[in-house]
Amino acid sequence: MTALGVCPVAHGQVDLFDPAFVESPEGVLAELRETAPVYFDEITGCWLVSRHADIRSVLSRPDIFRPENALTAVTAIDPSALRILARVGFELPATLANNGGASHADLRTLVRQFFAPASIATALPVIRALAMDSAALVKQDLDASGEADLVALVTRDLPARVLIALLHLDDINLPTLKRWSQDSLELFWGNPDVERQRELAVQAAEFYLWLRERLLNADPAGASLFSVLAAHRTADGQPLRVQESIGICYFLLVAGQETTTQFLSTVLRKLIGQPDLWRRLAGAGAYPDELIASECVEEVLRLETPVVTWRRVTTEPVELSGQVLPANAEVLLMLAGSGSDPDVFEDPEQFIPGRDAARQHLAFGFGRHYCLGATLARMEAQEVLLILARELPEIALLETQPPMLGLLSFRAPLRLLVTLQSS
Ligand code: HEM
């Protein structure tokens, strides 16, 4: 039930873009899990799959539930916006997240080198330095005006700076990358009207052209992502098509930092909102800080992952929780609510750092396409959390309901105003 006492599922009123749902999705997600675990949603044309066991089962059967629809626009793109994309030859062929074919394993191995433990260990000092710099900016704003926005000062740019360093890309303008990537998310996972679609398509097309130019001119002997892609040869000795290389970069440069920005914002909101835990993180308690930080990060992933849904498409009729899905059914996996499934997590609504089964959530997917950035995202969140809590032990949230990003697959606070506690 919602706060209004009306069951939105029974009344066919699930609207995943509704600001009220985006603000507090828990009730509807629980309702779906309990009463309609495999539910056809008229608005998106997708089958919503809500139970943890069903989602895991879908992700474990990639031959029946294929990922080719992972990056297709959920709101049909108007021909006028499509023409803007077509003019630059915009195409996202099957590469990583949207590739259920034979080339996936090779491309995954190629990209994984940038996120291997030895590689991301080099990012640790970068993350720590950036988090310290951000904390100093927050202090400055608090001193000057009594409040500070942690999204603008901490979470917005930090993951992009880390990613750029890891991929050895040195000629990216950060505000431009953020505009391109946020507009791409909205174009493919949002509900924009036609005029907005055209604006977003212009940005996506610019991004695409920029990537093509960089990839065509990449030095195959270099260490950057662009160079590694230019030098790569497939099993039959062929170079990658430039469209494939662009597709990989497009996805990585968006998914590799926007998701973490969203996650850091949610982590900070959740932990600053629990003063006892914030104080423990600041080092006031006896419990080892690093451990409590990683346990808190895991609980936020379980309860409030930023990647709230992910898609698959069926190759043949298949049954899930008593419901038969036809072939070519679009499936929307409700990752967010699956972390509160009482069949897997005891007292699921409670925030219990270090709980049993803590890592059994599906925030990073499962199986063949499991997120390549999971270790990096966890590390960034843990470090930022610890450093912010230590540097700013006295902060408190100013807004209980900040404006939210509410796309089909992405959810996070867009602003996080804090002030100093008046203790
Ligand atoms: C908290 C932050 C993040 C979350 C919640 C997240 C979540 C996800 C999810 C749900 C998937 C789909 C998994 C599946 O289909 O089974 C995925 C795939 C992927 N993610 Fe992430 N992600 C995050 C951060 C990152 C970062 C930082 C990177 C890169 C630096 C990254 C790179 C990828 C890649 C390359 C894939 C596709 C893997 C494949 O298809 O083989 N992600 N992620």
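Analyst: Here are the cavities, then a helix contact.

Analyst: This is a predicted model, where local features need pLDDT of at least 70, side-chain atom pairs count only at pLDDT 80 or more, and totals for chains, interfaces and linings use all residues. Residues are numbered from 1 along each chain as its sequence is written, and side-chain values use heavy atoms, with hydrogens and water left out.

User: How many cavities of 30 Å³ or more does the structure hold?
Analyst: Two. A cavity is a set of points on a 1 Å grid over the protein atoms alone where a 1.4 Å probe fits but cannot get out, and lining residues have an atom within 4 Å of a point. Volume is the space filled by probe spheres set on the points, which are joined across faces, edges and corners.

User: What's the volume of the largest cavity?
Analyst: About 820 Å³. Its lining has 42 residues, with Phe251, Ala255, Thr259, Trp310 and Cys371 closest to the centre.

User: And the second largest cavity, which residues lie nearest its centre?
Analyst: Phe21, Val308, Leu407, Leu408 and Arg411, out of 14 lining residues. The space there is about 140 Å³.

User: Switching topic: at what angle do α10 and α11 cross?
Analyst: Roughly 130°, with the axes coming within 9 Å. Axes are lines fitted to C-alpha atoms, for helices over the stretch in contact, and angles run from 0 to 180 degrees between N-to-C directions. Helices are DSSP runs (H or I, at least four residues), numbered from the N terminus.

Notes
Helices (H or I, at least four residues) and strands (E, at least two) are DSSP runs, numbered from the N terminus. On a 1 Å grid over the protein atoms alone, a cavity is a set of points where a 1.4 Å probe fits but cannot get out, and a pocket is an open set with protein on both sides within 12 Å along at least five of seven lines; lining residues have an atom within 4 Å of a point.
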